[in-house]
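Biologist: I would like to learn how to read contacts between side chains in a model. Could we begin with charges and rings?

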Amino acid sequence: FRVGDLVKLDEHTGTIESVGLRSTRVRTFDRTLVTIPNGKLADVRVENYTQRDRIRLLVTLALELDTAPAQVRAVLAALEEVLRAHPKLWTDELYVQLKAVTADSLQVEVMAWFETGELQEFWRYRQEVLLSFLDALEKLSVKMARPSQTLHLAPGAGAGTEIKPPG
């Protein structure tokens with residue numbers, strides 16, 4: 001790695017600020033400065049994010065449990081269409097699939113790669129795509145699930161009464 005590279009050294013992620021004879025300094029995302037003795041660097045796992053040729057988008061969307069199967073199919077197709085329309089998407093490997101049916105949602109997993117190694121550029125692309133996903137869900141009248149919980153009170157405390165939190 002070189003000065004300016006975005007790296008992960010063990011549990012520290014940040015930008016290399018300096019590489020000296022005795023130590024290397026990393027500026028973290030929280031703006032702290034971590035100094036690591038160079039002798040220790042030989043023993044740590046080093047990930048150099050600057051060397052990436054693309055960055056992965058991996059997101060799970062939780063749809064309301066009562067979404068009809070035809071609507072789920074339409075959502076899968078619409079989300080894939082959003083991805084394929086993006087000019088910086090690497091189209092060789094992507095998927096949009098119904099991943100799981102849980103007690104409170106239908107989980108749709110989306111995985112795709114953007115052809116950029118620049119983190120800020122990826123963040124911009126990710127935001128564009130996520131907003132387009134929300135637009136697609138709105139057009140299809142499909143709502144995102146909200147976590148919910150039902151409490152059943154024990155006898156003597158209002159037997160048979162269900163309390164559901166607002167929302």
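Modeller: A charge sits over a ring if NZ of Lys or CZ of Arg is within 6 Å of the ring centre and within 35 degrees of the ring normal. Please keep in mind that this is a predicted model. Here the charged end of Arg54 sits over the ring of Trp90, at 3.6 Å from the ring's centre, and Arg54 also lies over the face of Trp113, with 5.9 Å to that ring centre.

Biologist: How many aromatic pairs does the structure hold?

Modeller: Rings pair if their centres lie within 6.5 Å, and planes under 30 degrees apart count as stacked, over 60 as edge-to-face and the rest as tilted. The structure holds two aromatic pairs. In the pair of Phe114 and Tyr125 the ring centres are 5.8 Å apart and the planes stand at 40°, so this pair is tilted. Because Phe114 lies in strand S8 and Tyr125 in helix H3, the pair ties together parts that are 11 residues apart in sequence. Phe114 and Tyr125 also belong, with Phe122, to one aromatic cluster.

Biologist: Are Phe114 and Tyr125 buried or exposed?

Modeller: Buried means under 20% relative accessible area. Phe114 has 0% relative accessibility and therefore counts as buried, and Tyr125, at 7%, counts as buried too.

Biologist: Which residues of H2 are buried, and what covers them?

Modeller: Helix H2 runs over residues 69-85, and its buried residues are Val72, Val75, Leu76, Ala78, Leu79, Val82 and Leu83. Their cover includes strands S6 (55-63), S7 (89-101) and S8 (106-114), together with helix H3 (119-139).

Terms used:
Residues numbered from 1 in each chain as written. Predicted model: local features only at pLDDT ≥ 70, side-chain atom pairs only at ≥ 80, totals over all residues. Heavy atoms only, no water. Helix = DSSP H or I, 4+ residues; strand = E, 2+ residues; numbered from the N terminus. Expected span 1.5 Å × (residues − 1). Buried < 20%, exposed > 50% of the residue type's maximum accessible area, 1.4 Å probe, protein only. Contact = heavy atoms within 4.5 Å. Phe/Tyr/Trp six-rings, centres within 6.5 Å; stacked < 30°, edge-to-face > 60°.
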